[in-house]
Amino acid sequence: MPSSTSSSRQRVPPLPAFRLWGLTALLALSILGGAEAAWRSVGHLPTVTDDPALWAVERSRVYGEKVVVLLGASRIQLGLDPSEMERLLPDHTVLQLAIDGSAPFATLRDLAEDPDFRGTVLVSVVPGGLRADRIESQQAWVKAYHDQKSPDAFLNRRLASLAQERLTVLSPSLNLRRILLSLLAGEGVPAPFYLRTLANRTREGDYRMIDLARYRMGRIARVQQVYAQRGRVPFEAWRVAARTVAPWVKAIQERGGRVVFLRFPTQDQHWVLDQAYYPRAIYWDALAAETGAETLHLSDVPALQRYRLPDTSHLDYRDKREFTRELVEALQQGGLLAGGAEE
């Protein structure tokens, strides 16, 4: 007679491996989907991590005669829309190589020293950035590109960008450490950040998300502090730095490319400070002669004067596309970009 305990000792048949993996994947996707929905419900959006690896992917694409490369810092990164430029210039590729908080000259030199680069370079500059101690400020990213460039590295970064531009949970502001620190500080979950980066390295600023009056005051205070610490470069020393750039401009021009220096606008007290330290008539108006580059001061374009800069320095993303159209038209009318008076 069978033991009364024999049936209890029988094991439940194991799930087939593929079903176990399927259930695990379904559970993981459910958790991921729930977290994604939760973060989006409080205003968070996907953003791509802007790092030297992402910059290197764009740097690797600069080849071809119909290429427009954008250099500078945050103003051109927030102010121009590469996708809109490509729509307006349908046979061109537009690449964003600006790096926040830095001067563009090391990247300009890198393009000048690349014998295969023959494109157009639009460079956002301010006279105060053209000084000997700022020339190398982008060199670390340039070096990282040359040290690490490989098809595998580019492919991995492109795949990472594909995920980051679709999933809010991959945002650097939502990593576990930041969430825990915010909770431990009694601040609750992290609030959405007003800046987001797209896969093509353009940035969008939503200035409705911040306390603008307080932010403007803080920005002006920082500008005052920077100018006070650095002081104004005497014109003769500034001229020496400008002439350092001239051979790089010439090298690109001799290969059939062109270099256009753009002075993006600042407004209100920010503009007052800019003019107090680097008067346009002394510094900017000498830039073309000293460097050999073509120049455009955006305050000379009437169509661009109607745009307000919420923080005195950068465009809100809602104005970005139309601003891009106006600027491209101005460049073309001045013969500084494809489709202009010289064509």
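Reader: At what angle do H5 and H10 pack?
Author: H5 and H10 pack at about 40°, with their axes 8 Å apart. Axes are lines fitted to C-alpha atoms, for helices over the stretch in contact, and angles run from 0 to 180 degrees between N-to-C directions. That makes H5 oblique to H10 (under 35 degrees is roughly parallel, over 145 roughly antiparallel, 65 to 115 roughly perpendicular, the rest oblique).

Reader: What am I looking at, and how are residues numbered?
Author: This is a predicted model, with residues numbered from 1 along each chain as its sequence is written. Local features need pLDDT of at least 70, side-chain atom pairs count only at pLDDT 80 or more, totals for chains, interfaces and linings use all residues, and side-chain values use heavy atoms, leaving out hydrogens and water. Helices (H or I, at least four residues) and strands (E, at least two) are DSSP runs numbered from the N terminus.

Reader: Back to H5 and H10: which residues make the contact?
Author: From H5 come Phe 105, Leu 108, Arg 109, Leu 111 and Ala 112, and from H10 Val 245, Trp 248, Val 249, Ala 251 and Ile 252 (contact means heavy atoms within 4.5 Å). These residues divide into nine nonpolar, no polar and one charged (Ala, Val, Leu, Ile, Met, Phe, Trp, Tyr, Cys and Pro are nonpolar, Asp, Glu, Lys and Arg charged, the others, Gly among them, polar).

Reader: How many residues are in the largest nonpolar core?
Author: That core has 45 residues, and Leu 108, Val 121, Leu 130, Val 259 and Phe 261 have the most contacts inside it. Such a core is a set of buried Ala, Val, Leu, Ile, Met, Phe, Trp, Tyr and Cys residues joined through side-chain atoms within 4.5 Å. H10 gives the largest share of this core, seven residues.

Reader: What does Val 259 touch?
Author: Not counting residues up to four places away in sequence, Val 259 touches Leu 108, Val 121, Val 123, Val 249, Ile 252, Ala 293 and Glu 294.

Reader: New topic. Is Pro 115 buried or exposed?
Author: Pro 115 is exposed, with a relative accessible area of 51% (buried is under 20%, exposed over 50%, partly exposed in between, for a 1.4 Å probe and protein chains only). Pro 115 is in the loop between H5 and S3.

Reader: What about H9 and H11, at what angle do they pack?
Author: About 10°, with the axes of H9 and H11 9 Å apart. H9 and H11 are therefore roughly parallel to each other. The residues of their contact divide into six nonpolar, three polar and four charged.
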